[in-house]
Amino acid sequence: MNNEVSVPALAELALGETFTFDELVGAVQRSRQRGLRIVELAGLGVHDGLCAVSLMRDGEDVILHAHSDSALHRQQFVLHELAHLILGHDVDDDLDTRDYLLPDIPPQTRRRLLKRQDLDTDKEVQAETLADHLAAAIRGSTLHSSRYLEIFG
């Protein structure tokens with residue numbers, strides 16, 4: 001079931017079988033018609049175990065990820081969040097509901113953060129499956145761009 005969702009989503013980006021991290025980011029930006037920033041956030045995950053989160057702002061998406069001494073681990077954090085964006089998991093029909101408890105946090109961010117405790121949901125499994133496909137395609141690429149090194153060291 002997960003491949004039935006992730007493989008077509010990856011094919012829609014028209015990247016081929018292998019690609020660099022930069023090519024993936026560019027394809028996601030074109031597909032979503034929005035900018036994308038990826039930022040390591042010191043302290044993320046230190047107390048709550050949160051590895052990464054994607055935020056949708058006016059005109060751009062932002063992926064915040066925790067530090068890890070392993071470049072592959074950091075990459076997987078980001079690829080998982082990119083997978084959520086590619087799969088359209090940030091789209092929610094009930095965004096007009098007012099939240100009086102957390103009014104300053106965008107509704108889609110609030111929902112994703114609160115759902116993080118349940119990692120066995122279909123959306124989380126789909127995102128991790130697609131992230132694995134993305135990682136394999138990047139590994140298969142013979143060219144690793146400077147942006148990859150800039151982000152993952």
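Modeller: Contact here means heavy atoms within 4.5 Å. Keep in mind that this is a predicted model.

Colleague: Which strands does helix α2 lie across, then?

Modeller: Helix α2, residues 21-32, lies across β1, β2 and β3. Its direction is at about 135° to β1. Helix α3 (residues 71-86) also packs on the sheet and touches β1, β2 and β3. The direction of α3 makes about 150° with that of β3.

Colleague: In what order do the three strands of the sheet come?

Modeller: In general, strands of a sheet pair through backbone hydrogen bonds, either parallel or antiparallel. This sheet is open, with the order β1-β3-β2 and mixed pairing. At the edges are β1 (35-40) and β2 (52-57), each of which pairs on one side only. From one strand to the next the twist averages 20°.

Colleague: How many bridges join β2 to β3?

Modeller: Six, and the two strands run antiparallel. Strand β3 covers residues 60-65. Within this pairing, Val53 stands opposite Leu64 of β3.

Colleague: Which residues touch the most other members of the largest nonpolar core?

Modeller: The general idea is that nonpolar side chains tend to be buried together in soluble globular proteins. In this model the largest nonpolar core has 28 residues, and Leu24, Leu79 and Leu82 touch the most other members. Two or more residues each come from α1 (2-12), α2, β1, α3 and α5 (122-140). The largest share, seven residues, is from α5.

Colleague: What does Leu79 touch?

Modeller: Leaving out residues up to four places away in sequence, Leu79 touches Phe21, Leu24, Ala131, Leu134, Ala135 and Ile138. Another core, of eight residues, lies apart from the largest one and includes Leu44, Leu50, Ala52 and Phe77.

Note on methods
Residues are numbered from 1 along each chain as its sequence is written. This is a predicted model: local features need pLDDT of at least 70, side-chain atom pairs count only at pLDDT 80 or more; totals for chains, interfaces and linings use all residues. Side-chain values use heavy atoms; hydrogens and water are left out. Two strands pair if DSSP finds at least two bridges between them. Helices (H or I, at least four residues) and strands (E, at least two) are DSSP runs, numbered from the N terminus. Axes are lines fitted to C-alpha atoms, for helices over the stretch in contact, and angles run from 0 to 180 degrees between N-to-C directions. A nonpolar core is a set of buried Ala, Val, Leu, Ile, Met, Phe, Trp, Tyr and Cys residues joined through side-chain atoms within 4.5 Å. Buried means under 20% relative accessible area, exposed over 50%, partly exposed in between (1.4 Å probe, protein chains only).
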